Amino acid sequence: MLSPPANWLPQAPLEPLHLDWLSNANIDVAILRLDQIDPLISGNKWFKLIEHLKAADLAGAEGIISLGGAHSNHLHALAAAGKRFGFATVGLLRGHAQETPTVNDLQAFGMQLHWLGYGGYRARNEAGFWEQWQARYPELFPVPEGGGGLPGATGCTQLKALACQQLEGLGWSDYDGWWLACGTGTTLAGLVMAEAGEYPVYGALAVPDDHGVAQQVERILEEAGVNAPTYELFDASRGGFAKVDPLLLEFIAQTEQVSGIALEPLYTGKALLALKQQVEAGKFARGTRLIFIHTGGLQGRRGFNLKT
């Protein structure tokens, strides 16, 4: 069995976020701390894996084969889950062999690695890509990059209930929308599915438009049969995937000092800065209440010179 024990249920606190730029705009934000569900299987990654692992169990697979980069939070969570729950994992990596803290962890967790180069990795969405790997690893179940697709989104629908059961503790009777970082759009699609048009979901794109996030979200929602979805995407990429700049790093440092909440610069840090910019631009009316998702990924901080 690839799925963990039934009593292994991730829990994440929903906490008020106290920052001056929110107070000045009279906007309330509660942060869903997915970074705290587990030291290794962190953030939204577990939720995106849930349905894939169920499918692998049904298929009688002995493990999972998936894709990612040398700093991949998805592969890190997958490898950690494989080690903890006793199933095999194989990672197909972008680029050429290199040593990073994440890669070192993948190897320590027992994941078998294959480096595809850049051209080979770009072919991951082409027809027939998986054939050679399924021939080589017939006992493994293939999972898309980032745990994406409808199964990944379906697992993320649980996030609404996880947050809503804690609203009363904040003194909230309701909320006005969600804000989160988008890498593949899977988590956003899951929230849109869960909301079914009731409340909007705002996605801060941590990757450029050419990554096709909007198209991926549309494909998932169409497959799920979601009609009239309510969501909006904002560019938060800061010039490209994995691009950081002094303004972003300074914002993260200041926010961590005030809030005590650790951020990373590729996703959650970019998303929170994009929210600040939209708040200051008057996007949201005074009195708005938003749920901000901390999508985890703090292991990726190790690739950057962050002081906190």
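This is a predicted model: local features need pLDDT of at least 70, side-chain atom pairs count only at pLDDT 80 or more; totals for chains, interfaces and linings use all residues.

Colleague: Which residue stands opposite glycine 63?

Modeller: Leucine 140 in E6 stands opposite glycine 63.

Colleague: What is the strand order of the open sheet of four strands, and which are its edge strands?

Modeller: The order is E5-E4-E3-E6, with parallel pairing. E5 and E6 are the edge strands, each of which pairs on one side only. Neighbouring strands of this sheet are turned by 25° against each other on average, direction ignored.

Colleague: And where does H3 pack?

Modeller: H3 packs on this sheet and touches E3 and E4. The direction of H3 makes about 160° with that of E3.

Colleague: Moving to the open sheet of six strands, what is the order there?

Modeller: The six strands run in the order E1-E2-E10-E7-E8-E9, and their pairing is mixed. At the edges are strand E1 (14-16) and strand E9 (231-235), each pairing on one side only. In this sheet, neighbouring strands are turned by 25° against each other on average, again with direction ignored.

Colleague: In what sense do E7 and E8 pair, parallel or antiparallel?

Modeller: Strand E7 (residues 177-182) and strand E8 (residues 201-205) pair in the parallel sense, over five bridges. Cysteine 182 stands opposite leucine 205 in E8.

Colleague: Which helix lies across E7, E8 and E9?

Modeller: That is helix H11 (residues 213-224), which runs at about 165° to E9.

Colleague: A change of topic: which residues of H6 are buried?

Modeller: In helix H6 (residues 129-136), the buried residues include Phe129, Trp130 and Trp133. These residues cover an arc of only 65° around the axis, so they lie on the same side of H6.

Colleague: Why would residues three or four places apart point the same way?

Modeller: Because an α-helix has 3.6 residues a turn.

Colleague: What does the face of H6 turned away from its buried side carry?

Modeller: That face carries the exposed residues Glu131, Gln132 and Ala135.

Colleague: And what covers the buried residues of H6?

Modeller: The cover includes strand E3 (63-68), strand E4 (88-93) and strand E5 (112-115). Helix H5 (117-122) and strand E6 (140-142) are also part of it.

Colleague: How many residues does the largest nonpolar core have?

Modeller: The largest nonpolar core has 59 residues, and those with the most contacts inside it are Leu32, Leu34, Leu159 and Ile291. Helix H3 (residues 73-85) supplies the largest share of this core, seven residues. Apart from it lies another core, of 28 residues, including Leu17, Ile31, Ala181 and Ala204.

Colleague: What does leucine 159 touch, not counting residues up to four places away in sequence?

Modeller: On that basis, leucine 159 touches Leu32, Leu34, Phe47, Trp178, Thr187, Leu191 and Ile293.

Colleague: Finally, the protein as a whole: how many helices and strands are there?

Modeller: The protein has 13 helices and 10 strands. Its radius of gyration is 19 Å, close to the 19 Å that the globule rule gives for 308 residues, so the protein is as compact as a globular protein of that length. Taken along the principal axes, the C-alpha atoms fill a box of roughly 60 × 40 × 35 Å.

Colleague: What percentage of the residues count as buried?

Modeller: Of the 308 residues, 54% count as buried. As for contacts with a separation of 6 or more, 72% are accounted for by residues 24 or more positions apart.

How values were computed. Residues are numbered from 1 along each chain as its sequence is written. Side-chain values use heavy atoms; hydrogens and water are left out. Two strands pair if DSSP finds at least two bridges between them. Helices (H or I, at least four residues) and strands (E, at least two) are DSSP runs, numbered from the N terminus. Axes are lines fitted to C-alpha atoms, for helices over the stretch in contact, and angles run from 0 to 180 degrees between N-to-C directions. Contact means heavy atoms within 4.5 Å. Buried means under 20% relative accessible area, exposed over 50%, partly exposed in between (1.4 Å probe, protein chains only). The arc is that of the directions from the helix axis to the C-beta atoms. A nonpolar core is a set of buried Ala, Val, Leu, Ile, Met, Phe, Trp, Tyr and Cys residues joined through side-chain atoms within 4.5 Å. The radius of gyration is taken over C-alpha atoms; the globule rule is 2.2 Å times the number of residues to the power 0.38.
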